[in-house]
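Please look over the structure below. A short report on its fold follows, section by section.

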Amino acid sequence: MDEGQRRYAAFLSYSHKDAAAARALHRRLESYRIPRRLVGREGERGPIPARLTPIFRDREELPAAGDLSERVRTALAVSDALVILCSPAAAASQWVAKEIDTFRTLHPDRPIIAAILDGEPADAFPLNLAAGGIEPLAADLRPGGDGKRLGLLKLVAGLSGVHLDALVQRDAQRRLRRVTAVTAAAVAAMLAMAILTAVALTARAEAQRQRAEAEGLVEFMLTDLRTKLKGVKRLDISTAVNHRVFRHYASQNLRELTDDALERRARLLHLIGEDDLDLGKEDRALSEFREAARTTAELLLKDPDNPDRIFAQSQSEYWVGAVDYNRKNFAAAKSAFERYRTLAEHAIVRSPKAEWIREAGFAAGNLCVIALEPPRDAVAALRLCSVALKRMEQAQRLTGPTPAAVEAVLNRHLWMMKAWNANGRWDQVLYHKARQEELMAALLKSDPDNVDYRDIWMRAQFGISEIELENGHVSEAQERLGEARRMAAALRSHDSSNENWKQWELRIRRASAKAHANHS
């Protein structure tokens, strides 16, 4: 059948038990507007349309007195695609199965898209959907899958031939405009509430509704949108969003926020702080982590024995200490890390999970690092590093040798080398060096292209070289620094915006030059 005879952009097939969901999906698909700049371009399925209309919805488009089978077959014959609303009810429907078979017979080259509404794929897909080994395109509308929003975009992409990334970007831009409008409306509502006391309760309820919507949009920008922007190296946009959100959060009264809002606030402030720390913006990061700590402290005050809230507060203390350590404010960093360790150990008492045990290991390890800074306390460093290693090994026994668990143990062996070196025990340094290199080799072998593992390897080589230089093993240290320098350059080429890798590359180059000068 030629193009001029086609009437429907798609045929929507579903069980009558899912009629309400089918009506909603039908309405959203037909009302979706393709981005204007894409309309008319050549897509994966020909010229890209402005709208996906009309879409045939079987058993709704047909009059009761009509010949259902003939009318459905006619509609299938003039449809560009078939969308199956999949659920256990659809899988059991003979009409859905017949529509799939008829469409596939009429149009073996046209797309069939499965939209999962309910149930697992094995229970929701009609048996003939993947007949002949043909796997349909799929969108998961369930809350635990793509969700309604991303699921709709996947359907639009499959029907229109537009790349999904283009639709996601357009959706993000629209949400960004909405959050601006919602924020302005919230401010207007608060002003009105101060003036119009007669409608104070109504205005407050509206402001709360709008604030909840704004918070949801903020979370989208700092999670889904943040991931997308990092994926396309648009950290400039991500940073602008982060700073706008931080200004919004800084003006909030914590006592007026619900527990859910406080938890979201702390989680997103941690993300913002991590981004700024990666970009070398330590002053901003410290402000954001301190604001997160104020938030998690408010939550912990409401429920002091809640392990999740204890853990959240420990993370805030860790990040504050990490920034102070980077700035060489060791006294402040030590205080923060001590609070971090106390909270982590308290969480273990409440719930001895591997996650909490590992956090206690991190906390003891951070204090070991502080003890090795001037004025060095070698005995305290060895004691704390030993505790950290035991905690990491304890956590690994609970989880098994996962990459994360192996990585944590590996790092502790490196610091045990430094602690034993500070105590003048070269035999113990060599023992932990051998264990560290054995674990590092296994980690890289499990995933050679993992940039996090390569980053760990680079830092480990640098750390070992410091010990070798301190003990006069200059040739070995120079060779190790050369390998670390090459890895740093490779990581920088992978992500040139990563300020931490830039600083590590410079640090390794300086150490190499110093080692060469001393050796000469």
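## A helix across the sheet

Across which strands does helix H4 lie? Helix H4 (residues 94-106) lies across E1, E5 and E6. Its direction is at about 155° to E5. Angles run from 0 to 180 degrees between N-to-C directions, with axes fitted to C-alpha atoms, for helices over the stretch in contact. Helix H1 (residues 19-31) lies across strand E1 (10-13), E4 and E5, and runs at about 170° to E4.

## Basis of the model

This is a predicted model: local features need pLDDT of at least 70, side-chain atom pairs count only at pLDDT 80 or more, and totals for chains, interfaces and linings use all residues. Residues are numbered from 1 along each chain as its sequence is written, and side-chain values use heavy atoms, leaving out hydrogens and water.

## Overall make-up

The protein chain has 21 helices and seven strands. Both are DSSP runs numbered from the N terminus: helices are H or I with at least four residues, strands are E with at least two. Of the 520 residues, 48% are buried. Buried means under 20% relative accessible area, with a 1.4 Å probe and protein chains only.

## The parallel sheet

Five strands form an open sheet in the order E4-E1-E5-E6-E7, with parallel pairing. Strand E4 (55-57) and strand E7 (137-140) are the edges, each pairing on one side only. The twist from one strand to the next averages 20°. Strands count as paired if DSSP finds at least two bridges between them.

Strand E5 (residues 82-86) and strand E6 (residues 112-116) share five bridges. Leu-85 has Ala-115 as its bridge partner in E6. On to the next pair: E6 and E7 run parallel and are joined by four bridges. There, Ala-114 stands opposite Ala-138 in E7.

E6 is mostly covered, with five of its five residues buried. Ile-112, Ala-114 and Ile-116 point one way, while Ile-113 and Ala-115 point the other.

## Nonpolar cores

The largest nonpolar core has 51 residues. Such a core is a set of buried Ala, Val, Leu, Ile, Met, Phe, Trp, Tyr and Cys residues joined through side-chain atoms within 4.5 Å. Met-440, Met-458 and Ile-508 have the most contacts inside this core. The elements that give two or more residues include helix H14 (330-350), helix H18 (426-446) and helix H21 (499-519). H17 gives the largest share, 10 residues.

Met-458 touches Ala-484, Met-487, Ala-488, Leu-491, Trp-501, Trp-504 and Ile-508, leaving aside residues up to four places away in sequence. A second, separate core has 31 residues, including Ala-19, Tyr-32, Leu-153 and Ala-157.

## The disulfide

The whole structure holds one disulfide, a pair of cysteine sulfur atoms within 2.5 Å. Cys-368 is joined to Cys-385, at 1.8 Å from S to S. Cys-368 lies in helix H15 (residues 354-372) and Cys-385 in helix H16 (residues 378-399), so the bond ties together parts that are 17 residues apart in sequence. The torsion about the S-S bond is about -75°, so this disulfide is left-handed.

Cys-368 is buried, at 0% relative accessible area. Cys-385 is also buried, at 0%.

Key
Buried < 20%, exposed > 50% of the residue type's maximum accessible area, 1.4 Å probe, protein only. Contact = heavy atoms within 4.5 Å.
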